[in-house]
Amino acid sequence: MGVAKVCKYTCVKQQHLLISCCSSRRWISCTKVCGLMLFALGLISLFTGHVVSNLELYSHRLAGGAWFYKQDGDAPIDIWKLMYSTSYYGCSERGPRFASAVNVRSSNGYLLIETSGGLNQQRTGITDAVVVARILNATLVVPELDHHSFWKDDSDFFNIFDVKWFISYLQKDVPVVKRVPQKVMRSMGKSPYTMRVPRKSEPEYYLDQVLPVLLKRRVLQLTKFDFRLANDLDEELQKLRCRVNYHALRFTKPIRNFGQKLVVRIRKMARRFIAVHLRFEPDMLAFSGCYYGGGDKERYELGEIRKRWDTLPELNPDEERTQGRCPLTPHEVGLMLRALGFKNDTYLYVASGEVYGGEKTLHPLKELFPNFYTKKTLAGDELKPFLPYSSRLAAIDYIVCDESDVFVTNNNGNMAKILAGSRRYMGNKRTIRPNAKRLSALFMARTKMDWDTFSRKVKSCQSGFMGEPEEMRPGRGEFHEFPSSCICKTPFNHSNLIDKYNNHTSLVNPSHLDSRYRYIHNSSDLNDKSLQKLY
């Protein structure tokens, strides 16, 4: 019998719209009784809603599996998969007020971009270049990659990225052309005007300082274009950043296929694997100003490399380490992972260039994780065509790291930030960023504690650095790492809840299934026979 009917029945029976409590002679009005009953029903509904919405959490607590640990009394953490990975998704669709791109003839001129740095630094520059072209209402010319940086790679845009896809995907956002038309160049009678914009410039700067030059010159080149646009922008422009970075910038077919081939090979050996961006190359260590105990030989070698940068200040290595600004050694990375709960039989893919100290430096990490692989050990002689090109090698590492079940960064560099953002956007896969500031002190005191104590303290240090969705909030860090404007919460419905529960109780790794074919499927260039060949 419904609440309304109960109230009506009671009121009629008492004739004077009054009822009597069974255990008391006090008289209570019918409206108060109805209100109390509705309030009780509300509490019951609230409680059941809490249980349903946290079924995933309670299923973890009941599971009690070996993959879980607790951090200072918090909820259990699955070290392989984020607890609420299916509760968020990437969302970068254009808003209804985001006008379509103008055609080339109606734009304010042609914008040339000269990027700077390694592959991933250039990637951030290309992403921001599209946004700047949108701000200026300009036609973007396919950006020119850096051939003069430390890596000396003469690859052009079309060697790394799918140019046709890039132009086509952005056609509703920004007009993009491969080159400035000869007719326009001849009409200028001289080379394009060049200027360098200050770092982290606001959109207003481009409108006030750059647009007048573009309108006057018709063709404008912005040089050394890296981090020349502010981090915090209007939401629609942030979403455009995501469309460029996570969709428009697709690697060429040879790079995509080769990267996916390595993923398939490691998946044949292991159902899941960790990818580590080790970042322990000589140039990185020299740039950081850190010291790793190699004596005068290390100080001399890294000091000579450091001279390549004229503007680097003198640094105190001990202070840099205590402040968490030094990359962990390969041994420390291995200790951190083992302390977090990853077993000795875990498969490790290490993305790295030349490691400082070579095999001697890597040996402790290989002892902790004998299933140790790199692109060279997985590919062998097949890697030879890519070896002269650092950017193409970096692209291959990018693909394997992006497809891994767990990605571990070792410094907050460009690749680490971009991949962390991509993994949040493309399915919320676990990304572990060492809390180097707290870990450095812990590593120095490691010999003074037993392993269980060390492991417990590492887990405590890493709380908040495990890639959980709640770590991301508007305004935190670089947008490329925390793309908050492009992450939406999944609306609750019953089918989603059942899917979540089934995913956690299944023996199949969901993140593997969700992302396994992304680089192939998105390219639309491998048929079933080609896919079988990869296996």
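Reader: What is the accessible surface of the chain, and how much of that surface belongs to carbon and sulfur atoms?

Author: The accessible surface of the chain is about 27000 Å², and 54% of it belongs to carbon and sulfur atoms. Such areas come from the Shrake-Rupley method with a 1.4 Å probe; for residues, only the protein chains shown count as cover. Keep in mind that this is a predicted model, where local features need pLDDT of at least 70, side-chain atom pairs count only at pLDDT 80 or more, and totals for chains, interfaces and linings use all residues. Residues are numbered from 1 along each chain as its sequence is written, and side-chain values use heavy atoms, with hydrogens and water left out.

Reader: Why is Phe-372 called buried?

Author: Buried means under 20% relative accessible area, exposed means over 50%, and partly exposed lies in between (1.4 Å probe, protein chains only). Phe-372 has 12% relative accessibility, so Phe-372 counts as buried. Across the chain, buried residues make up 51% of the 535 residues.

Reader: Which residues does Phe-372 touch, not counting residues up to four places away in sequence?

Author: They are Leu-348, Val-350, Leu-362, Leu-365 and Lys-366; a contact means heavy atoms within 4.5 Å. The C-alpha atoms of Phe-372 and Val-350 are separated by 7.3 Å, while the two residues are 22 apart along the chain.

Reader: And Asp-208: why is that residue called exposed or buried?

Author: Asp-208 has a relative accessible area of 54%, and the cut-off for exposed is over 50%, so Asp-208 is exposed.
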